[in-house]
Every structure is written in C-alpha cells, then in structure tokens.
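Subject: Structure handover

Dear colleague,

Here is the structure for your files.

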There are 2 protein chains.
Amino acid sequence: MTPMPDLTDTVAAAAVVARTSRRPPGRREALLAAALDVIRRVGTSASMDEMAAEAGITKPVLYRYFRDRDGLITALADQFADVLVARLQLALRDAARATQTDADGVIHRAIESYVGFIEEDPALYGFLTQHAPPEHPALIAVIERVAGAIAGVIRDNFTAQGFDPRPAVTFAHGIVGMVHLAGASWARNRDISREELVDDLTALVSRGLTGAATPLQPR
Amino acid sequence: MTPMPDLTDTVAAAAVVARTSRRPPGRREALLAAALDVIRRVGTSASMDEMAAEAGITKPVLYRYFRDRDGLITALADQFADVLVARLQLALRDAARATQTDADGVIHRAIESYVGFIEEDPALYGFLTQHAPPEHPALIAVIERVAGAIAGVIRDNFTAQGFDPRPAVTFAHGIVGMVHLAGASWARNRDISREELVDDLTALVSRGLTGAATPLQPR
DNA sequence: TGAATCTATAACCACGGGTAATATTACTGC
DNA sequence: GCAGTAATATTACCCGTGGTTATAGATTCA
C-alpha cells in the first residue's frame, strides 16, 4: 500500500515525501523466502521469532512488512496459489482445443502437476492448513483460484459440446478436493506407484466409478 | 492409563486398591459434550479453560481425563468419526446387493449423508482441522475409517462384476476429498440447491466428466 | 476419631503473538 | 561538515493459553 506517495501542493509536505523510502525493494520477498525456509526446517510450529531470526532481523520488522501473523500466512498462501495456478495453466494450456478423445491427456497432465506440487512442498501446505482456519480468506482464495481455472476449462468444453455448463464449478471443486486428499493420503504411505495414482484419478475424473474399471477388464 | 491396577501380593497394596475410584462413569463423555458445546458457541478458538468452565470444573481435571489438549482433540475426532461412519454405513447398507442400475442411488444416499453431516456441525470440523496438523493421527484415522468403508463397497462391487479391485482405495480417498471440499465450498455461499449439489457430485462420481453431462442433454 | 488416599483447586511457569519505548541509521538543508 | 528530522530497527515488555505443581478438600477403612 502507498508504495510511492505522490507530491502534494504544500511545500512542507513536499519536503516530507521527498525523503526516499529506505525500505529495500526485494525485502518482502526475501522475508517470505526466509519464512518458508524455517517452515520447511522446523515444521508447522515455526514461530515468528524463528522466522525473523532466519532472515537476520527481529520480530517487529516482520510485523512491519506483514501486519501480523495472519498477514504473513496470507502472503504465503498467495504465493502458493501463484505457483500452483501457473503450473496448472501450463498443463491446461491446450485444453481448449481438446476433443473428447484427448481429454484424458489434459486431465492426466493437470492431475500430475497438482500431485507433484503438493508432494514437493508438504511443509508449506501443512503450515497453511494448521495455522489458518479452514474458512480463512487466504485459503478460500487458493481453492477458488485453482478451482476457477479448472472450472473454466470444463465449462468451455461442455458448452462446445452442447452440454449444460452449470455443474462445471461444482465439478471443479470436487476435482480439487479429490486430487488433494487422494494425493495427501498417497504421499503418506506410497503403497502404489505415482503413475498408478495419477492414472486411477484420471480414470475416476474422466469416466467415474461405473466406467473407470472398464478398460482394465472389458468384461 | 492404569484405570484399575491389578492386585499385588502385599497386604498394604491390597488395602490401597480396595478404595473405590470416585471417578464417575459417564464423566468423560460429559466433558466431551461440554467441550463440544463451547466449541460450537465460541468457535475454533475455544481454550482449555473455557471448556473446563463449561463443564463446571477446572483445568487440571480436564487434563486428568484427557492427557493433554491433543488427547481431547483425538477424543473429539474419534467421536466425530464414530457418528460419521455409522451414518455412512447406514446409507451403504444395501450397497452390497446393488446392481449397476441402482448404483447411483447408493452413491446419492452416501453423498447426501456426508454433506448433511459436515453441514450440520461445521464448528467441530473447523476445530479439528485448525488445531490438529493435517498429518495428525486422529485426523488420518477419521479419513481412513471413512475411506475404508467406501473402499469396501467399491471393492465388493468391482470384484462382483469382474473388474480389477486395486483402484478401490484410491477411488475411495478421491471420493472423500471430493465430497468434502465441494461440500465445504457449497456451504459457504450456497449458490445452488442442496439437491443440485448432491446430484452433480453423484454424476461426477458415477460417470465422470465425459459422462456426467450426457443425461442432461443427450446430444 | 484418625490415618491414608483419591480428587479438585488455586497459584504458578513457559512460551509465543503482539506492542510500546528507545536507539540507530540515513537523508535533507544550512 | 553538521545539526535536525524521519524512517527503520531493537530491546524490553504485556498478555493470553497450554501445561504443571503445591495444596486443600472429600471419602473410605480401621
């Protein structure tokens, strides 16, 4: 907020705002990175003191950049969503011109990118879900952004094929939750291969329970 | 721990254990109920002091019945799982003899019971997810119990129809996550009717993306 | 009654989020 | 250069909450 206040008409005020902000530009990002480091190291119980120490500063500085702990959590969640949505968009890039036949390929790539993402940074996810209430605006924003991206693709394909696009948003939420929880459960014990997991989920999303098992044993 | 120490050989020790435990039988359940009450009233930030006060006792008594805060959370989660699984079993009762045709009915009932459950006690769910890490054994137990019940039904039907039962457990996890997140998102803004939500999720589970929209507009 | 013991309480400790009061650095005008 | 000023950083502190200890109150058997 107010990164560079514009000049006012009074001379006194001009003198005030003339002073350059000594706040380094990339500082906030560096603090976020330090917070992430300590979260990855000590787990979800990372304290504000520890994060400040990791960044080589003290607590009040942290509170200057992020209003409070909640602000830091929100910033982390936003960054999380940025990377995740970017990856998903990449996987869904050519989904618009996907026909029914290669729809499985799009779904497969999207699920794989999601699974890979929550797999490679479990600490951040754990920190967010533990310290933010499930109704936390930042977490809702993450879900809505991811689901929104998916819902857009579904809606496009449905309308292109003459289907009712209304369920798209519910479907998108369902898919997000499905991949998320199944991925988290899989990451715990890894009883099947990663490929099997993604294949199974792709089958479930694409053809559902009544159709998912069919290709394996065509009766 | 040591709810009733067994008799030793010394007479003195025998005299010790002769004294009846003055701990009332239903006390633990009453304390759990009081904890639930205060959680429903003040939200996820309910403290141990508040819960003790609600039950008309003080903190150390609470710590005598539940080892620590984590023990109370575990007890709440277990109770949560008990009721949820019981409801699900009821909905899945006649799923074993379900044919392909009425499979949708079983799925529909199961999803409806789940949605209804997380809808009617959001405070408990919020408390659990906020105060327990996502890898908390008690939460994992809830997920595994629910998913296990669903996986059993899927596996039975798959094997009965000559399909490969291996993906059943992944499918179950996926379905749990799907209904859960879609239900939570729906409970926030309720932009569609409850029936539409359950119908959509049933379609997604049963026939997937490629088949879900078909019945609405058969091309 | 009195000794022994289980139970509950009040007072306390530790620790983490959050915030003044205070010191330090850097820039401006003379 | 040198004050004066404003931004920045630090130390020390407050407060609430999980968890424990020292102590008082019941209750049972002799």
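The notes below go from the ground rules to the chains and then to single residues.

Ground rules

This is a predicted model, in which local features need pLDDT of at least 70 and side-chain atom pairs count only at pLDDT 80 or more, while totals for chains, interfaces and linings use all residues. Residues are numbered from 1 along each chain as its sequence is written, chains are lettered from A and ligands numbered from 1 in the order in which they are written, and side-chain values use heavy atoms, with hydrogens and water left out.

Confidence

pLDDT is the predictor's confidence in each residue, from 0 to 100. The average for chain A is 84, and 83% of the residues score at least 70. Residues 1-19 of chain A stay under 50, and the model has four contacts for them beyond four places in sequence; a contact means heavy atoms within 4.5 Å. Residues 215-219 of chain A are also below 50 in pLDDT, and this stretch has five contacts beyond near neighbours in sequence.

Chain A overall

Chain A has 10 helices and zero strands. Helices (H or I, at least four residues) and strands (E, at least two) are DSSP runs, numbered from the N terminus. Of the 219 residues in chain A, 45% count as buried. Buried means under 20% relative accessible area, exposed means over 50%, and partly exposed is in between (1.4 Å probe, protein chains only). Among contacts in chain A with a separation of 6 or more, 63% are between residues 24 or more positions apart. The chain exposes about 11,200 Å², of which carbon and sulfur atoms supply 58%. Accessible areas come from the Shrake-Rupley method with a 1.4 Å probe, and for residues only the protein chains shown count as cover.

How the two chains relate

Two copies of a chain are related by a rotation about an axis and a shift along it.

Two residues of chain B show contacts across to chain A. Gln130(B) is in helix α7 (residues 122-131) of chain B and is buried, at a relative accessible area of 17%. Not counting residues up to four places away in sequence, Gln130(B) touches Thr129(A), Gln130(A), Pro133(A), Pro134(A) and Thr44(B). Glu135(B) is in the loop between α7 and α8 (137-160) of chain B and is partly exposed, at 44% relative accessibility. Leaving aside neighbours within four places in sequence, Glu135(B) contacts Arg188(A) and Ile140(B).

Aromatic pairs

Rings of Phe, Tyr and Trp (its six-membered ring) pair if their centres lie within 6.5 Å; planes under 30 degrees apart count as stacked, over 60 as edge-to-face and the rest as tilted. The count comes to six aromatic pairs over all chains. Phe158(A) and Phe171(A) are edge-to-face, because their ring centres are 6.2 Å apart and their planes at 85 degrees. Phe158(A) is in helix α8 (residues 137-160) of chain A and Phe171(A) in helix α9 (residues 168-189) of chain A, so the pair ties together parts 13 residues apart in sequence. Both Phe158(A) and Phe171(A) are buried.

Phe80(B) and Phe117(B) form a tilted pair, 5.1 Å centre to centre with 50 degrees between the planes. Phe80(B) lies in helix α5 (residues 69-92) of chain B and Phe117(B) in helix α6 (residues 103-120) of chain B, so this pair ties together parts 37 residues apart in sequence. Phe80(B) is buried, with a relative accessible area of 8%, and Phe117(B) is buried at 6%.

Most residues other than glycine have a negative phi. Arg190(A), not a glycine, has a positive phi of about 50 degrees. Arg190(A) is in the loop between α9 and α10 (194-212) of chain A and is partly exposed, with a relative accessible area of 41%. The charged end of Arg190(A) sits over the ring of Trp186(A), 4.6 Å from its centre. A charge sits over a ring if NZ of Lys or CZ of Arg is within 6 Å of the ring centre and within 35 degrees of the ring normal.

Regards
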